[in-house]
Amino acid sequence: MTAKSSATPPASIAVRDALRDSLRDARRDPLQDSLRDAPRDSLRGAPAPALRARPRTRRFGGGTVLASAGVVAFSLTFPGTAWGLESFGPWSLFGLRCLLAGLIAGGFLLALRVPLPAHAHRAGLVVVAAGVVVGFPLLTTLALQTSTTSHAAVVVGLLPLTTAVVSSLRTGARPSRRFWAAAVAGAVIVLGFTLAQSGGSLSAGDAFLFAALLVCAAGYTEGGRLARVMPGWQVIGWALVLCLPIGLAGSLLGLAYEPAHVTARGLAGLVWVAAGSSFLGLYVWYRGMAEIGAARASQLQLAQPLLTLGWAVLLLGEHMSPAAPVAACAVLVCIAVTQRVK
């Protein structure tokens, strides 16, 4: 009687092992095997293999479109504020603008699950919030009670130069004499225009506008510093969120003491300065600037005062003096000079 053997025939084992080895060899990367088997010393200083290299591309067209959209949004800020003042008092408009913009930014940050900023960045965010979110909107709103939109556009057209000066003082940079000559020339042009339009003396609205230049320049400078270590749109987003308590208190107190006569234009102006200027404009501006660079983006912003003058005529029906576009173009030339010197 013979027992049946349950062992696998040697031929089957050989076929199975050969099939497994061939599959393993097919999956093997010859480059990795050669790097692993080569002596360690021979690999030191050897050039990295040029495989799977992903070229770095920059979408200049998309970045230009985004930055241009931001400039258009900023140019509509003063006309939107003028519309908002038709329905709300200056303190009510400022509070509601700050509150709505903070809610939109907070919802955006929450939806994207953006982590809280580092403790070391919070002091800088307070400066951005004080200058860009609180100081500039409040001071320009108060100024537009007595100043025309075209007049304010020319004065605030000096903002890029003011920002450059504040930035040089903050960072310790030493611009050339040509830069300072252009900056001083721009300041003289704006001051001369302001005095001519105000009858030889500065009005309360002019004082508010010049103060707005200083606080906004400080906020822009600190925001630019923070944008080196965190995304720029998150800088303005967290700055808006920080101002939510101020916006809520300003809205409640303003509406309690200032009568509101809500109209379609007044409501549209409020929505625009909150959602368009304070959030959307800054968001697309920072995104576009990240793609095309600050130098190219700043060239686009040179058109902002002239755009505001155009909106003042089209949307508000203002009759600006012939000196307004002349002064705006002169300031534009001064700013262009500062962009081309170190």
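What share of the contacts in the chain between residues at least 6 apart in sequence join residues at least 24 apart? The share is 87%, where contact means heavy atoms within 4.5 Å. This is a predicted model, in which local features need pLDDT of at least 70, side-chain atom pairs count only at pLDDT 80 or more, and totals for chains, interfaces and linings use all residues. Residues are numbered from 1 along each chain as its sequence is written, and side-chain values use heavy atoms, with hydrogens and water left out.

**View 1. The whole chain.** The chain has 17 helices and zero strands; helices (H or I, at least four residues) and strands (E, at least two) are DSSP runs, numbered from the N terminus. Of its 342 residues, 42% count as buried. Buried means under 20% relative accessible area, exposed over 50%, and partly exposed in between (1.4 Å probe, protein chains only).

**View 2. The crossing of helices α6 and α12.** The axes of α6 (residues 90-111) and α12 (residues 232-242) come within 8 Å and cross at roughly 125°. Axes are lines fitted to C-alpha atoms, for helices over the stretch in contact, and angles run from 0 to 180 degrees between N-to-C directions. The two helices are therefore oblique to each other; angles under 35 degrees count as roughly parallel, over 145 as roughly antiparallel, 65 to 115 as roughly perpendicular and the rest as oblique. On the α6 side, the contact is made by Ala-101, Gly-102, Ala-105, Gly-106, Phe-108 and Leu-109. On the α12 side, Trp-233, Gly-237, Trp-238, Leu-240 and Val-241 take part. These residues divide into eight nonpolar, three polar and no charged. Here Ala, Val, Leu, Ile, Met, Phe, Trp, Tyr, Cys and Pro count as nonpolar, Asp, Glu, Lys and Arg as charged, and the others, Gly among them, as polar.

**View 3. The largest nonpolar core and Leu-240.** A nonpolar core is a set of buried Ala, Val, Leu, Ile, Met, Phe, Trp, Tyr and Cys residues joined through side-chain atoms within 4.5 Å. The largest one has 32 residues, and Val-133, Ile-236 and Leu-240 have the most contacts inside it. At least two of its residues come from each of α4 (60-75), α6, α7 (122-143), α12 and α14 (264-292). Helix α7 gives the largest share, eight residues. Leaving aside neighbours within four places in sequence, Leu-240 is in contact with Ala-101, Gly-102, Ala-105, Val-133, Ser-278 and Phe-279. Another core, of 21 residues, lies apart from this one and includes Ala-152, Val-155, Leu-158 and Leu-213.

**View 4. Helix α8.** Eight of the eight residues of α8 (residues 149-156) are buried, so this helix is largely enclosed by the rest of the structure. Among the buried residues are Thr-149, Ser-150 and His-151.

**View 5. Ser-251 in helix α13.** Ser-251 is placed in α13 and counts as buried, at 4% relative accessibility. Not counting residues up to four places away in sequence, Ser-251 touches Gly-95, Leu-96 and Leu-99.

View 6. Thr-263 is in the loop between α13 (244-257) and α14, and is partly exposed, with a relative accessible area of 36%. The C-alpha atoms of Thr-263 and Gly-84 are separated by 9.0 Å, although these residues are 179 residues apart along the chain. Arg-113 lies in the loop between α6 and α7 and counts as exposed, at 77% relative accessibility. Arg-113 is not a glycine, yet has a positive phi of about 55°.
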